Amino acid sequence: MSDLLKILLTSHVLFGLIGVSLLFVLTTSLLKINPPVIAARRYALGAALSFFASWISGGMYYVMHYGKSVKPIILAGEYPWAHFIFMEAKEHVFLFLPFLSLALFIAISYAKEVPPSDTLRRSLVMVSVATFVIALIVTLSGIVISGGAR
Amino acid sequence: MYLTLIIVHMIGTILGTGGATMIEILLAKALKDGVVDPLESDFLRATYRVVRVGLLLSVFSGFGFLLLYEFSGQTARLYNPVLWAKLTIILIILANALLLQARKINLFWGSAFSFVSWWTAVLLGILLTNGSYALSYPSIMFYYLIAVFLGAGILEACRDALQKYFEQHERSS
């Protein structure tokens, strides 16, 4: 694997982890009795930007290396489901993450102007938890896919 | 790079496990009069922050190890049941933190899950370092759940004992 590919894969993982971490901090912030709205807005924007960066680096890695070199190895190996199930799901489900994070950022920006009602706060928490859970599933899928290539 | 990852992972584990242990001691001390005063609350908040920093360092360095396995062609290690048990326990630590923040889990179970999970993650980390593949995922999780149940009872007993100790200590001083 060339240095460029290593950098792309590392960036994909690193930005993804930063996004997941920011979603965790965002969820815990929203669960507080008095949520720090301005900080929560920054966490949501940070998560969205991280997921976009992870998407770009992961996409480049897929086009330049995974599709040509890794995918055939997985399909010919003992764990073809690592691609058929996990990669196929991951590459589509992942797309929710940057846009859900962006939606959270916009919604929290609105909450900054108007004191958030309980209903809005509960909805924000639910979206934040759902995005965090999807992000965790996508992260674990990445490990399953990498492990399937032998 | 490997040495850097080891050092960061160790620092994260020390902060996380040490912090989770300190939280138990601070809680026992804070709850001796049944009320958590602002100073005690401040100490607890600072310790929770230390645990989260530890968790962050452990997770990032842990994924660094996984990338090194990928780059060095050791992808078989990514299907190690001990690794997956450790990942599951980290997910439990995260879920427990969210449930505690949302006040959806009581202190009895919340502190048991936090304390036992951190120490189990340390134990599994040692097993991973030694390359032990003898344990299956279900057996590790079974022993972990037993440890959580036992841990909940033991922690409650320790809290009672510490409270008695603090009360006696205060009376004598």
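This is a predicted model: local features need pLDDT of at least 70, side-chain atom pairs count only at pLDDT 80 or more; totals for chains, interfaces and linings use all residues.
1. Residues are numbered from 1 along each chain as its sequence is written, chains are lettered from A and ligands numbered from 1 in the order in which they are written, and side-chain values use heavy atoms, leaving out hydrogens and water.

2. Back to B:Arg45, whose salt-bridge partner is B:Asp42, with the closest N and O atoms 3.7 Å apart. A salt bridge here is a side-chain nitrogen of Lys or Arg within 4 Å of a carboxyl oxygen of Asp or Glu. B:Asp42 and B:Arg45 are 3 residues apart in helix H2 (residues 38–71) of chain B, so about one helical turn separates them. B:Asp42 is also partly exposed, at 45% relative accessible area.

3. Over all chains, the count comes to 3 salt bridges. One of them joins B:Glu24 to B:Arg159, where the closest N and O atoms are 2.9 Å apart. This pair links distant parts of the chain: B:Glu24 sits in helix H1 (residues 2–30) and B:Arg159 in helix H5 (residues 137–172) of chain B, 135 residues apart. Both B:Glu24 and B:Arg159 are buried, with B:Arg159 at a relative accessible area of 5%.

4. B:Arg159 also forms a salt bridge with B:Glu156, the closest N and O atoms being 3.0 Å apart. These two residues lie in helix H5 of chain B, 3 residues apart, about one turn of the helix. B:Glu156 is partly exposed, at 32% relative accessibility. Together, B:Glu24, B:Glu156 and B:Arg159 are linked in a network of salt bridges.

5. The C-alpha trace of chain B spans about 60 × 30 × 30 Å along its principal axes. Of the 173 residues in chain B, buried residues make up 41%.

6. Lastly, contacts, meaning heavy atoms within 4.5 Å: among those in chain B between residues at least 6 apart in sequence, 83% join residues at least 24 apart.

Methods. Helices (H or I, at least four residues) and strands (E, at least two) are DSSP runs, numbered from the N terminus. Buried means under 20% relative accessible area, exposed over 50%, partly exposed in between (1.4 Å probe, protein chains only).
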